[in-house]
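This report describes selected features of a protein model, moving from a loop residue to the nonpolar core and then to a pair of aromatic rings.

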Amino acid sequence: MTISALADAGGVGVETIRFYQRRGLLDTPSRGAGIRRYGDADLRRLRFIRSAQAAGFTLDGIAELLALDATRDRSRVRSLATERIAALDARIAELQQARDALATLAQRCGRGGRGPCPILGAFDQGPVSG
């Protein structure tokens with residue numbers, strides 16, 4: 001398949017394919033009859049990259065996962081996944097705190113009264129916290 005067909009099949013743009021190639025995450029095939037051709041293995045790798053990104057891995061982390069796939073180092077992969085879970089848990093806690101703070105402000109704003117809305121006042125003072 002061509003680069004545009006690979007991009008379509010992977011749900012990304014052509015420039016994303018090229019970016020992954022520059023980062024060393026995807027191989028750049030040689031030109032055959034003037035056109036680069038990609039195969040099923042390239043599509044599998046592209047889908048792997050996209051799935052790992054959806055799980056919150058950085059491109060550097062994905063590169064390490066791809067390298068580990070060749071070595072079958074399951075303990076290191078498990079360690080990377082555990083680190084990612086901890087980072088996600090921390091982010092979830094931050095988001096929950098922000099949600100709770102915003103819910104409190106929305107409740108105060110809903111009570112009416114005169115003067116500026118507490119939400120706007122809180123944003124004017126900096127990041128919302130619980």
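In this predicted model, Gly113 sits in the loop that runs between helix 5 (74-110) and helix 6 (118-125). Gly113 counts as exposed, since its relative accessibility is 72%. Between Gly113 and Gly39 there are 65 Å in space, taken from C-alpha to C-alpha, and the two are 74 residues apart in sequence.

The largest nonpolar core is made up of 20 residues, and those with the most contacts inside it are Ile17, Tyr20, Leu25, Leu46, Ile49 and Ile62. Two or more residues of this core are given by each of helix 1 (3-10), helix 2 (14-22), helix 3 (40-54) and helix 4 (59-71), and the largest share, five residues, comes from helix 4. Leaving aside residues up to four places away in sequence, Ile62 touches Leu25, Phe48, Ile49, Ala52, Gln53 and Phe57.

The structure also holds one aromatic pair. The ring centres of Phe19 and Tyr20 lie 6.2 Å apart with their planes at 50°, so the pair is classed as tilted; an angle under 30 degrees would have counted as stacked, and one over 60 as edge-to-face.

The accessibility values are set side by side below.

| Residue | Relative accessibility | Class |
|---|---|---|
| Gly113 | 72% | exposed |

Notes:
Residues numbered from 1 in each chain as written. Predicted model: local features only at pLDDT ≥ 70, side-chain atom pairs only at ≥ 80, totals over all residues. Heavy atoms only, no water. Phe/Tyr/Trp six-rings, centres within 6.5 Å; stacked < 30°, edge-to-face > 60°. Helix = DSSP H or I, 4+ residues; strand = E, 2+ residues; numbered from the N terminus. Buried < 20%, exposed > 50% of the residue type's maximum accessible area, 1.4 Å probe, protein only. Core = buried A, V, L, I, M, F, W, Y, C linked by side-chain atoms within 4.5 Å. Contact = heavy atoms within 4.5 Å.
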